[in-house]
Amino acid sequence: MEEKLVQRLEAAVARLEAISSTARGGTLEDASADLDLDLDASAFDPAILAFGDLISQHVVRVSSAAEKIGGQVLDATKILSEAFYAQKELVVRIKQTQKPDIHGLAHFLSPLNEVITKANAMTEGRRSDYFNHLKSVADSLTALAWIAFTGKDCGMSMPIAHVEESWQMAEFYNNKVLVEYRNKDSNHVEWAKALKELYLPGLRDYVKSFYPLGPVWSPTGKPATSAPSKAPAPGAPAPPLPPPAALFSSESSPSSSSRPKEGMSAVFQEISSGKPVTAGLRKVTDDMKSKNRTDRSGVVSAGEKESRTSSPSFSKTAPPKLELQAGRKWVVENQIGKKNLVINDCDAKQSVYIFGCKDSVLQIQGKVNNITIDKCTKMGVVFAEVVAACEVVNCNRVEVQCQGSAPTLSIDNTSGCQLYLSKESLSSSITTAKSSEINVLVPGAEPDGDWVEHALPQQYIHTFNNGQYTTSPVSHSGA
């Protein structure tokens with residue numbers, strides 16, 4: 001304990017020197033008082049010490065793995081580290097603060113919410129090669145919302161259950177990282193395993209040990225205010241301070257009776273004024289009625305049709321693309337009505353990304369590392385063999401045929417997908433999420449036999465037995 005205390009005091013001195021050397025608008029005495037408040041709470045409180053151990057053991061391990069990868073993975077991991085440091089600051093201040101109302105709680109937790117928003121922003125827009133890493137981080141950070149639990153009627157699960165449920169959302173993408181890189185790059189595998197251990201058992205056991213019923217606020221503390229946005233993580237940028245709240249103003253607002261009424265209030269005021277309702281309206285004569293006008297017709301001319309369909313506002317599709325980028329990634333985009341697309345010069349280190357294609361067919365004549373089909377409609381893809389996985393995401397009515405082997409087939413948020421598997425790919429693992437009308441066709445027992453179709457279940461029944469829920473697919477009977 002004494003050794004840990006000495007280390008934390010040394011870190012505190014370094015932090016005080018950093019505060020005094022930067023222009024933050026406050027005095028050194030203010031910073032010192034704030035630091036003393038932090039030390040009083042964190043030096044001896046077991047919950048704060050345990051959270052520091054959680055960061056030093058698990059967060060540092062994820063960061064070390066991310067530094068070996070670099071790029072967007074490192075950027076996302078810095079945001080992850082920033083979020084855990086922000087939560088530590090909030091945990092410290094909760095012990096010195098009175099429990100706020102719902103609006104005050106949202107303002108108090110705003111620094112943490114800003115960091116989580118930055119993580120979600122990295123997953124938006126066009127998918128990068130590290131989308132699964134970014135999504136794993138963004139979805140997992142929702143576990144930190146356990147600190148907002150205020151009671152059984154607050155609309156969220158108990159803190160322990162909330163952490164577990166949040167990780168279940170992130171684990172779908174974390175498993176994709178493991179599958180894609182298990183035979184390719186051990187650094188990514190180490191990063192994915194460290195991320196999981198950060199939450200299970202890391203954060204879950206911490207919440208279970210200290211806050212199973214939610215945070216404990218101080219009944220004699222000071223009123224809740226927004227915690228300062230700090231970023232003690234090395235190299236992590238500080239999140240912006242929340243904008244000042246302008247819900248209330250010291251200036252009295254003008255009386256509602258002195259302001260002119262607008263919208264429906266003005267209509268009802270006019271009706272109740274006693275004036276004739278039809279005053280000021282123009283009288284419609286017979287020659288003004290549509291049925292008697294000679295310049296109006298119910299028939300749409302061909303020229304009018306042409307002018308409508310040729311409006312430039314509808315031509316928003318980007319130009320088609322089929323090219324190899326940086327020697328590593330084949331990009332097939334915005335192909336419409338092309339039935340003879342072919343990629344024949346490829347190798348096992350390259351990936352294929354298919355985006356925004358419609359009513360087209362693509363043949364991949366060679367072994368590639370990974371195939372992703374994103375936001376395509378009525379698209380057919382035939383590939384020889386894939387090293388990691390073939391993913392179908394956000395698609396509608398697509399057909400995918402594997403002529404060789406594929407360790408993993410993943411279907412996410414897709415409606416209507418036909419999978420044709422060869423004998424070599426019958427052992428493939430098929431993962432589905434938020435998808436419907438998924439059919440898998442496999443070769444028959446005879447060499448020249450017909451294909452056998454298997455429908456993957458999309459409906460499930462959940463029953464409560466022996467203290468827990470069991471889930472089983474719904475079976476449909478033809479009777």
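Start with the largest nonpolar core, which has 55 residues. Select Leu 80, Phe 84, Leu 141, Trp 191, Tyr 199, Leu 203 and Tyr 206: these touch the most other members of that core. Keep in mind that this is a predicted model. As a rule, nonpolar side chains in soluble globular proteins tend to be buried together.

Now color the elements that give two or more residues to this core: α3, α4, α5 (102-108), α6 (110-121), α7 (131-140), α8 (159-181) and α9 (186-210). Which of them gives the most? That's α4, with 12 residues.

Next, click on Tyr 206. Leaving out residues up to four places away in sequence, Tyr 206 touches Ala 47, Ala 50, Phe 51, Val 91, Trp 146 and Tyr 211. To see the contact, show side chains including Phe 51, Ile 55 and Val 62 of α3, plus Leu 80, Phe 84 and Val 91 of α4. The contact residues split into 15 nonpolar, six polar and two charged.

Last stop: α6. This helix has 12 residues and reaches 16 Å from its first C-alpha to its last, close to the 16 Å expected at 1.5 Å a residue. Which residues of α6 are buried? Select Ser 110, Pro 111, Leu 112, Glu 114, Val 115, Ile 116 and Ala 119. The buried residues of α6 pack against α4, α5 and α7.

Note on methods
Residues are numbered from 1 along each chain as its sequence is written. This is a predicted model: local features need pLDDT of at least 70, side-chain atom pairs count only at pLDDT 80 or more; totals for chains, interfaces and linings use all residues. Side-chain values use heavy atoms; hydrogens and water are left out. Contact means heavy atoms within 4.5 Å. Helices (H or I, at least four residues) and strands (E, at least two) are DSSP runs, numbered from the N terminus. Ala, Val, Leu, Ile, Met, Phe, Trp, Tyr, Cys and Pro count as nonpolar, Asp, Glu, Lys and Arg as charged, and the others, Gly among them, as polar. A nonpolar core is a set of buried Ala, Val, Leu, Ile, Met, Phe, Trp, Tyr and Cys residues joined through side-chain atoms within 4.5 Å. Buried means under 20% relative accessible area, exposed over 50%, partly exposed in between (1.4 Å probe, protein chains only). The expected span of a helix is 1.5 Å times one less than its number of residues.
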